[in-house]
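Have the sequence and the 3D view side by side as you read.

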Amino acid sequence: TKEPWLFLLMANLLMLFVGCFLEPTAAITILVPILLPIARQLGVDPVHFGLVMVLNLMIGLLHPPMGMVLFVLARISKLSVERATMAILPWLIPLLLGLVAITYIPALTLWLPQQMGLLK
């Protein structure tokens, strides 16, 4: 597809899924060489894409069914994984809304680097 918004949607879904099963360092090592050239070809700024990727993978650590932080949270709080999942579900909503905003409003992530003269 030649639509950047569609690519970003598919990349978000992929990264949320991958982030659920892999730690972020491994996921970045695997996904960046595949996804970044496509993003650049579609005109997505690499800084913007990097921030979207990091937020996706962070959310992936939290969400069910296999988010690693979910198991740590359950262990520390002495709750079952099911109870911990129910406890974090309300917090996933603002995280996902923030992800949508950061993904589709690049100015949110690129404003400061542009002000600092770090982007061309």
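## Some words to start with

A residue is called buried when its relative accessible area is under 20%, exposed when that value is over 50%, and partly exposed in between (1.4 Å probe, protein chains only). Helices (H or I, at least four residues) and strands (E, at least two) are DSSP runs, numbered from the N terminus.

What you're looking at is a predicted model, where local features need pLDDT of at least 70 and side-chain atom pairs count only at pLDDT 80 or more, while totals for chains, interfaces and linings use all residues. Residues are numbered from 1 along each chain as its sequence is written, and side-chain values use heavy atoms, with hydrogens and water left out.

## The whole protein

This protein has six helices and zero strands, so reading along the sequence gives you the pattern α-α-α-α-α-α. Along its principal axes, the C-alpha trace spans about 50 × 30 × 20 Å.

How much of the protein is buried? Buried residues make up 32% of the 120 residues. The accessible surface (Shrake-Rupley method with a 1.4 Å probe; for residues, only the protein chains shown count as cover) comes to about 7,600 Å², and 74% of that belongs to carbon and sulfur atoms. Now for contacts, which means heavy atoms within 4.5 Å. Take those between residues at least 6 apart in sequence: 66% of them join residues at least 24 apart.

Find helix 6, residues 107-115, where Thr109, Leu110 and Pro113 are buried. Why do they sit on the same side of the helix? They cover an arc of only 80° around the axis, the arc being that of the directions from the helix axis to the C-beta atoms. The cover over these buried residues includes helix 3 (46-62) and helix 5 (81-104).

Now turn to the face pointing away from the buried side: that's where you'll see the exposed residues Ala107, Leu108, Trp111 and Gln115. Just after helix 6 comes glycine 117, with a positive phi of about 75°.

## Where helix 1 meets helix 5

Helix 1 (residues 4-21) packs with helix 5 at an angle of about 145°, and their axes are 11 Å apart. Axes here are lines fitted to C-alpha atoms, for helices over the stretch in contact, and angles run from 0 to 180 degrees between N-to-C directions.

Which residues do the touching? Trp5, Leu8, Leu9, Asn12 and Leu16 in helix 1 meet Leu96, Leu99, Thr103 and Tyr104 in helix 5. They divide into seven nonpolar, two polar and no charged. For that tally, Ala, Val, Leu, Ile, Met, Phe, Trp, Tyr, Cys and Pro count as nonpolar, Asp, Glu, Lys and Arg as charged, and the others, Gly among them, as polar.

Most residues other than glycine have a negative phi. Lysine 78 isn't a glycine, yet its phi is positive, at about 60°. You'll find lysine 78 in the loop between helix 4 (68-77) and helix 5. Is it buried or exposed? Lysine 78 is exposed, with a relative accessible area of 75%.

Leucine 79 is in the loop between helix 4 and helix 5 too, but this residue is partly exposed, at 33%. Leaving out residues up to four places away in sequence, leucine 79 touches Ala74 and Ala84.

## One more leucine

Leucine 51 lies in helix 3 and is partly exposed, with a relative accessible area of 39%. Its C-alpha atom is separated by 12 Å from that of alanine 101, 50 residues apart along the chain.
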